[in-house]
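Hello,

Here is the structure I said I would pass on. My notes on it come after the sequence and coordinates.

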There are 2 protein chains.
Amino acid sequence: IGEIYTKILRESNVSRDKERLALSLDVGGTKILAALVSHPGHVLCEKLSPTMADGGVEAVVDRMVTLVSDTLDEGGVDISHVEGMGIAVAGAIDTNAGIVTASPNLPNWRDVPLVNILADRFKTAVYVVNDASAAALAEHLRGAGRGTSNMVYLTVSTGIGGGIVIDGELYIGTDGCAGEIGHMVIDSHGPRCNCGNDGCLEALASGTAVAREAVRRLKRGEQSQLLELVEGKLEDIDARVVGIAASVGDSLALDIITRGSRYLGLGMVNLVNIFNPERIVVGGGLSHMGEMLLGPARQVVREKAFKLPAQSVSIVTSELGDEAGVIGAAMFVFQACDKGFPYS
Amino acid sequence: IGEIYTKILRESNVSRDKERLALSLDVGGTKILAALVSHPGHVLCEKLSPTMADGGVEAVVDRMVTLVSDTLDEGGVDISHVEGMGIAVAGAIDTNAGIVTASPNLPNWRDVPLVNILADRFKTAVYVVNDASAAALAEHLRGAGRGTSNMVYLTVSTGIGGGIVIDGELYIGTDGCAGEIGHMVIDSHGPRCNCGNDGCLEALASGTAVAREAVRRLKRGEQSQLLELVEGKLEDIDARVVGIAASVGDSLALDIITRGSRYLGLGMVNLVNIFNPERIVVGGGLSHMGEMLLGPARQVVREKAFKLPAQSVSIVTSELGDEAGVIGAAMFVFQACDKGFPYS
């Protein structure tokens, strides 16, 4: 089935019988991560498999089923022991109905009733939630947002996703698809976004936007070490490479990262004026750039947001990295058990 | 003192002793409205006074004190009978600290501890809240947002303000200044806003933006009945006049209103993608244009927002009109009594 690896992260000393556990999946465009997660947010065991979304919906679901079974086996627990299954998926998720209505990572998925399919198969409670919302919940409960009441999470990688915590609770909106901060228009005459609109935050500050801008300026003949780094292959330019060049002082690369960061900051100005949050947590691949990404963004917030909310917000990088999705999906399960679902 | 009018709206048949009452003020740039409001949201008695903000902070506060005393007298109730005093003010309000940090309507107010001043004077609980947040609460509990869990309120007049209701509760953020939706940047290369940024929603879709665009196009020599309506005086052009011309079919006026409405719609696209709300309620002077304002905005939401949240949202005009501020400030008092303050 193409399993990539298995990792047993903790052989618990305490008896698992007394632990609260959830099984969770983070379904990405290239890989699916499954994890057995404890209530304090420890990943006890995880397994990774390729998504191979091209193979069609059923094949992906089959891979999810196998991965769940294998993860439970590996962890040595029965499905009856976990409180439920949480699935993090990018895109427009109808969490209340348990349906993946559309996902950029799963191009041929349209209105797939994922919760019903997996609940039938495993006879347990299943929840599907937007991956960035799951990560927001994880960072809020167990990561860089601990202790805050109001927090906005941004994940900056190929695209830009978002999640919102209000008064200590994950806010997912009427259908469960709130938090699409990457598709906030900030420059209505700006570049076309994948979503079809012009000037979304994602079209200006994502990894894709950074890479596109680098290619554009290299084609214009600007000098940079970037060309050496990719051995002249412009198609190999991505945000990671631009970040590397910027970190060794390449001025074009630094300029491009700063430009993206300032647009990210403009998106944050809107979030600060609208949400007056205590914290903005930034995750995703580009967050590994650290201050190179956050510094100029913070500066823009100081310059352009209203003074009172700008003083109150701290802008930090995420703590949970690639596991934020599975940890958050598991936390969603625990909260649904404790508070009922839908919450309201 | 320049009182404009007094209106006793209801001579209650039930004994006031058994009614829950709050005293509230809506402090605008030109006038202050005081009201005695019952728990179901009826304005029992109201008084209006000019603000005369030029006279300085103390003079305005004195006028507020007199207006409160007069309204209580007129309503025939003692201050000990009201549950508290709620004050709606435009601008950056630190609700938790009870301070007006800055207000566009009160240009010489900087960090005025309004709650302390009035609580000392009247020996009652006093709360100060952003006027658009107050109006949002009023529309949610007693107006066009009744029955919804998640609602966004927009007031479109000279400026654009906003208020947010999340899971049935007014959301005011960490300091109390959340909801500044008018200062969401949607066109970062757009016209300069009063706040100093470029391309805020307010700079593109407010009454001021509509009037400015009309003047610009008239100066360019475009034909319109607008010139007759203002007898050639361009300085008399405002959104109301443009609305009147548009309603009788003037094509330039209609074009300008539609342009503003489409920008308003773009702001709503952002709100729909971020909040996935059940309802967007539009109040303020321009909302009297009704479908002329809301129609094109709805169309933009259908075209550009994600399908799932776009299907869930209804976009309607407010029900409470000019009294939304005082009703909402009173509702804030009742909620603070019932749930404690700050809510947290």
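This is a predicted model: local features need pLDDT of at least 70, side-chain atom pairs count only at pLDDT 80 or more; totals for chains, interfaces and linings use all residues.

Interface of chain B and chain A

The contact draws on 42 residues of chain A and 42 residues of chain B. About 3,600 Å² is buried between the two chains, and carbon and sulfur atoms account for 57% of that area. On the chain B side, B:Tyr171, B:Ile274 and B:Leu308 supply 18% of the area that chain B buries against chain A, more than any other three residues.

What polar links cross the interface? The rule finds 30 residue pairs in polar contact, both residues at pLDDT 80 or more, but zero salt bridges.

In chain B, four elements each supply at least two residues of the side that touches chain A: β6 (92-94), β11 (160-166), α8 (251-275) and α10 (307-312). Of that side, α8(B) gives the most, with seven residues. By type, the residues of this side divide into 22 nonpolar, 14 polar and six charged.

A sheet in chain A

Chain A has an open sheet of five strands with mixed pairing, in the order β12-β11-β10-β13-β14. Its edge strands are β12 (169-171) and β14 (314-317), and the twist averages 25° from one strand to the next. Strands β10 (151-156) and β11 (160-166) of chain A run antiparallel and are joined by six bridges; A:Tyr153 stands opposite A:Gly163 in β11(A). Helix α8 (251-275) of chain A packs on this sheet, touching β10, β11, β13 (279-283) and β14 of chain A. The direction of α8(A) makes about 160° with that of β10(A).

Regards

Methods:
Residues are numbered from 1 along each chain as its sequence is written. Chains are lettered from A and ligands numbered from 1 in the order in which they are written. Side-chain values use heavy atoms; hydrogens and water are left out. Contact means heavy atoms within 4.5 Å. Buried area is the accessible area (1.4 Å probe) that two parts lose on being put together, summed over both. A salt bridge is a side-chain nitrogen of Lys or Arg within 4 Å of a carboxyl oxygen of Asp or Glu. A polar contact is a pair of N or O atoms within 3.5 Å; within protein, one must be able to donate a hydrogen and the other to accept it, and residues adjacent in sequence count only if both atoms are side-chain atoms. Ala, Val, Leu, Ile, Met, Phe, Trp, Tyr, Cys and Pro count as nonpolar, Asp, Glu, Lys and Arg as charged, and the others, Gly among them, as polar. Two strands pair if DSSP finds at least two bridges between them. Axes are lines fitted to C-alpha atoms, for helices over the stretch in contact, and angles run from 0 to 180 degrees between N-to-C directions.
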